[in-house]
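Hello,

Here is the structure for your files. Please load it before reading on.

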Amino acid sequence: MMRYHFMGKVTTSTPLLFKSKLLCFSLFYLFTALFLALYTSLSQSKCLFRSSPFDPLQTPLFSYPSSYGEHKYALPTHRSTCSSPVFFTDYWPVLKEIRDLCRNSSLASPVLSYMQGQADSFGGNFSTQKRISYFDHENSSVEVPCGFLKKFPISNYDQVEMENCNGVVVVSAIFNDHDKIRQPKGLGSKTLDNVCFFMFIDDVTLNGLHYHKVISKESPQHKVGVWRIVRVSSKDLYDNPAMNGVIPKYLVHRLFPNTKFSIWIDAKLQLVIDPLLLIHTLIVSENADMAISKHPFYVQTMDEAMATARWKKWWDVDALKTQMETYCDNGLRPWSRKKLPYTSEAITYEIFPGGGSNEDVPDSAMILRRHELSSNLFSCLMFNELEAFNPRDQLAFAYVRDHMKPKLKLNMFEVEVLEQVAMEYRHNLKHIGGTSGREEGSKRSKIKRTKRAGSDLLYVNGSCCSKCQKYLLEMWGESH
């Protein structure tokens with residue numbers, strides 16, 4: 001404001017700078033944009049006006065050698081990471097509630113009795129009818145086959161640590177140096193005091209980690225950031241590295257007998273949400289035994305089987321056909337709403353309009369479990385099917401879920417939730433270093449030529465009908 005004396009009168013004048021409304025608006029816009037940019041860059045969540053519900057760990061969990069490239073080949077997502085499809089309760093109430101649940105877990109709840117003994121394979125490789133006989137577990141005195149019919153080849157150090165893990169465990173595995181070890185993000189300040197992180201690896205992966213100087217092979221115990229590394233001597237297990245990965249994926253309740261909750265996460269994923277928040281939101285709040293994502297593309301088991309053959313995800317197409325005919329012959333039906341409910345009536349789904357129904361094909365890259373009878377039984381039955389056929393667990397999922405008793409209280413959440421809580425990376429594109437270990441791995445799991453099926457799933461020798469005819473006609477809406 002300026003004052004002027006003109007002909008004896010005092011007048012005031014607004015500076016020219018503030019006379020332009022457009023200029024004022026431009027300055028306001030500039031300073032607002034600078035503030036929001038600064039806020040977003042300093043915000044832990046990197047999202048506008050979305051603060052973290054706790055004080056997360058600020059220090060790096062591990063410093064990798066530059067040659068390792070742990071964050072190479074991230075897969076993009078088209079959904080904004082700032083628009084959450086699922087609500088997470090604040091960290092501190094969740095921490096207290098899960099601590100109480102783990103501390104007060106009832107020892108009187110029914111438990112499974114596991115088959116003991118020795119066999120030629122880790123799981124016993126039982127016949128179809130023998131496996132089916134264990135699906136109905138109304139008689140709790142029956143011993144269920146659940147692996148460990150051969151010694152699981154790990155060190156005594158690791159076994160003691162696994163048995164000492166109480167409460168919550170996060171488990172992953174890398175066999176044949178297929179992925180990289182990545183540290184989780186967004187961990188609460190007390191999470192590492194209440195959650196164990198275990199990563200299972202074989203000698204091929206160990207050689208790669210040693211080559212990149214991530215760990216030393218000479219040490220009897222290894223830790224990479226939050227992950228305790230468990231070396232598995234896979235030469236005493238299965239020739240297929242993927243099948244060896246199935247052991248920690250589905251038998252986590254046996255490897256960690258004193259845990260109450262677990263999260264399996266494929267090594268291609270990096271957790272970006274605290275595991276306690278995940279357990280609380282997807283298991284505890286939903287009163288579920290198990291939580292798993294729906295598949296992003298497929299609803300029907302047969303669609304997944306055909307994609308498995310088409311994209312050569314399993315080399316023996318004839319064996320895939322045999323597997324599907326075995327399931328069709330023993331009662332597998334296509335997905336329909338008649339299959340509902342597979343969850344407790346207490347479970348409600350309000351995340352997405354029109355959502356809330358389970359489907360027949362999961363994305364099993366992340367599995368959350370409450371370790372009680374139903375989820376443990378499901379895991380054992382799944383492992384037996386995978387050993388009998390192949391490690392493609394989406395193919396056996398609906399068959400086991402539909403036929404087991406007691407039923408599984410299952411929360412199949414939407415794909416958008418999985419994209420919100422984990423970042424996906426491509427598998428290792430090439431292998432560098434650790435030649436001797438990799439040569440050993442390549443000899444044990446060398447690529448086999450695809451073996452085509454002898455006949456299709458609907459016709460046998462040109463005439464109708466195969467064991468999956470009813471399934472296919474019902475899936476196509478042509479059954480009467």
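Below is what turned up for the cysteines.

First, the ground rules. This is a predicted model, in which local features need pLDDT of at least 70, side-chain atom pairs count only at pLDDT 80 or more, and totals for chains, interfaces and linings use all residues. Residues are numbered from 1 along each chain as its sequence is written, and side-chain values use heavy atoms, with hydrogens and water left out.

A disulfide here is a pair of cysteine sulfur atoms within 2.5 Å. Helices (H or I, at least four residues) and strands (E, at least two) are DSSP runs, numbered from the N terminus. Buried means under 20% relative accessible area, with a 1.4 Å probe and protein chains only.

Cys146–Cys380

The S to S distance between Cys146 and Cys380 is 2.1 Å. The link is left-handed, with -80° about the S-S bond. Cys146 sits in the loop between strand E4 (143-144) and helix H4 (156-163), and Cys380 in helix H11 (residues 373-388), so this bond ties together parts 234 residues apart in sequence. Both Cys146 and Cys380 are buried.

Cys165–Cys196

In this disulfide the sulfur atoms of Cys165 and Cys196 are 2.3 Å apart. The link of Cys165 and Cys196 is right-handed, at 115° about the S-S bond. Cys165 is in the loop between H4 and strand E5 (167-174), while Cys196 is in strand E6 (residues 195-201), so the pair ties together parts that are 31 residues apart in sequence. Cys165 counts as buried because its relative accessibility is 1%.

Cys328–Cys468

Here the sulfur atoms of Cys328 and Cys468 are 2.2 Å apart, and the two form a disulfide. This link is right-handed too, with 100° about the S-S bond. The pair connects distant parts of the chain, 140 residues apart: Cys328 in helix H10 (residues 317-329), and Cys468 in the loop between strand E16 (463-464) and helix H15 (469-475). Cys328 has 6% relative accessibility, so it counts as buried. Cys468 is buried as well, with a relative accessible area of 0%.

Cys102

Cys102 counts as buried, because its relative accessibility is 16%.

Best wishes

Key: Buried means under 20% relative accessible area, exposed over 50%, partly exposed in between (1.4 Å probe, protein chains only).
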